[in-house]
There are 2 protein chains.
Amino acid sequence: MNVKAIIPFKPIDPKTRLSSVLTKEEREEFAGTMLGDVISAVKSCGCSVTILATSEYKFEGVMVSVKDEGLNESVNAQLKNSKTPVLIIMSDLPLADKNSLTRLLSTEKDIGIVPGLGGGTNLIFVKYPEKYHVEYYGYSFAKHLKAAEDAGLSVEIIDSMRLSTDVDEPSDLAELLIHGKGKAREWLLSHGFELLVENGRLKVKRYGKAIL
Amino acid sequence: MNVKAIIPFKPIDPKTRLSSVLTKEEREEFAGTMLGDVISAVKSCGCSVTILATSEYKFEGVMVSVKDEGLNESVNAQLKNSKTPVLIIMSDLPLADKNSLTRLLSTEKDIGIVPGLGGGTNLIFVKYPEKYHVEYYGYSFAKHLKAAEDAGLSVEIIDSMRLSTDVDEPSDLAELLIHGKGKAREWLLSHGFELLVENGRLKVKRYGKAIL
């Protein structure tokens with residue numbers, strides 16, 4: 001199956017909820033490293049990749065489409081023009097791997113969807129993109145289920161911790177340090193982050209100072 | 001396959017990290033309701049069930065073993081005396097369902113393990129319980145992988161959001177309200193909890209007051 005993976009990405013000042021632990025420059029570098037892990041995972045499943053960037057961006061060997069518009073508008077424009085199945089995957093999912101993505105891409109339903117923590121949507125795989133549209137922000141998971149129902153498309157919800165774990169908050173860095181297998185985890189380790197058990201509890205520290 | 005499910009449970013003053021949103025009596029009732037959902041899920045997979053309670057407790061149709069000792073000691077005593085495969089599942093996993101448990105119980109490895117958020121361990125399925133021992137608390141996920149390696153037992157890590165989501169903190173209640181299918185979700189709804197979108201963000205409220 002020929003699947004086109006679309007990865008929305010914000011190159012400038014991304015991941016602001018990590019501002020308490022990373023500078024702007026570090027957040028930009030870290031976000032790009034997570035994006036690289038996502039691209040590797042998606043490519044391992046044989047998908048073609050397009051980065052949908054909000055400003056100029058280069059990633060070796062990957063097509064970048066720059067759209068200075070909202071997430072929903074730019075993704076929906078892509079869906080409208082796609083005749084082959086589309087995977088929309090967020091760039092902050094460094095735990096995504098071949099096994100978890102294969103489960104999503106193997107769905108027998110028209111749409112496979114993976115919620116994020118707190119009611120968000122981390123991944124949508126849609127076989128008939130021209131019939132579907134996305135509505136991110138807020139309780140988007142419910143909105144995406146409703147949009148599928150309205151379009152008469154069947155849905156499978158994929159149950160995956162790796163795909164549900166988006167890295168937004170400092171506490172999410174613990175999950176990446178624990179379960180990561182790629183370059184984003186390495187980036188954290190090479191920038192002073194580490195896991196330590198103190199008083200029987202697991203903590204994330206940076207250069208010896210607790211961040212959680 | 002004949003699997004014995006062991007569910008550790010603390011009937012008195014459980015879930016203290018929910019103290020900011022639930023009284024002691026409510027926490028005891030809510031914890032019992034989550035336990036009921038876990039028992040239903042485990043029974044739907046054909047497991048026999050034993051509740052390992054820290055004090056007197058009754059649950060209709062389920063064997064309760066009362067042990068006034070630490071979690072590790074009481075679980076390890078059970079493992080030592082089991083000749084059939086054992087599933088150790090925590091009582092605060094109300095999103096556990098037949099599909100996710102079946103994936104765990106179908107592992108071809110000697111042990112199937114599911115991490116919790118923050119390096120904990122939510123479920124362990126072990127085919128040769130007499131060869132294994134548990135070490136909960138702290139970074140128990142790493143300890144449990146090491147214990148398997150030391151015992152020469154092969155391990156599969158099961159990737160499941162439903163099984164990785166333990167309900168400890170007020171923020172976890174959002175996941176239960178979003179993804180729950182059983183009585184624990186109903187309990188929350190009948191006790192004033194609800195999901196509301198405000199300013200584009202999903203919030204949990206109780207009797208109209210935001211708890212997150």
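Buried area is the accessible area, taken with a 1.4 Å probe, that two parts lose on being put together, summed over both. The model is predicted, so that local features need pLDDT of at least 70 and side-chain atom pairs count only at pLDDT 80 or more, while totals for chains, interfaces and linings use all residues. Residues are numbered from 1 along each chain as its sequence is written, chains are lettered from A, and side-chain values use heavy atoms, with hydrogens and water left out.

**Exercise 1. Describe the interface of chain A and chain B.**

Step 1. The area buried between chain A and chain B is about 1900 Å², and carbon and sulfur atoms give 58% of this area. Of the area that chain A buries against chain B, 29% is supplied by A:Y139, A:D159 and A:M161, more than by any other three residues.

Step 2. Counting contact as heavy atoms within 4.5 Å, one finds 25 residues from chain A and 25 residues from chain B.

Step 3. The rule for salt bridges (a side-chain nitrogen of Lys or Arg within 4 Å of a carboxyl oxygen of Asp or Glu) finds 2 across this interface. A:D159 forms a salt bridge with B:R103, and their closest N and O atoms are 3.5 Å apart.

Step 4. By class, the side of chain A that touches chain B has 10 nonpolar, 9 polar and 6 charged residues, where Asp, Glu, Lys and Arg count as charged, Ala, Val, Leu, Ile, Met, Phe, Trp, Tyr, Cys and Pro as nonpolar, and the others, Gly among them, as polar.

**Exercise 2. Trace the open sheet of chain B.**

Step 1. Strands are DSSP runs (E, at least two residues) and helices are runs of H or I with at least four, numbered from the N terminus; two strands pair if DSSP finds at least two bridges between them. In chain B, 7 strands follow the order 3-2-1-4-6-5-7 with mixed pairing.

Step 2. Strand 3 (63–66) and strand 7 (155–157) of chain B are the edge strands, each pairing on one side only.

Step 3. Strand 1 (residues 4–9) and strand 4 (residues 86–89) of chain B pair in the parallel sense over 3 bridges, and B:A5 stands opposite B:L87 in strand 4 of chain B.

**Exercise 3. Follow the pairing of strand 8 and strand 9 of chain A.**

Step 1. These two strands of chain A run antiparallel and are joined by 6 bridges, with A:V197 opposite A:L202 in strand 9 of chain A.

Step 2. Their hairpin has 2 residues between the strands, and A:N199 takes a positive phi near 50° there.
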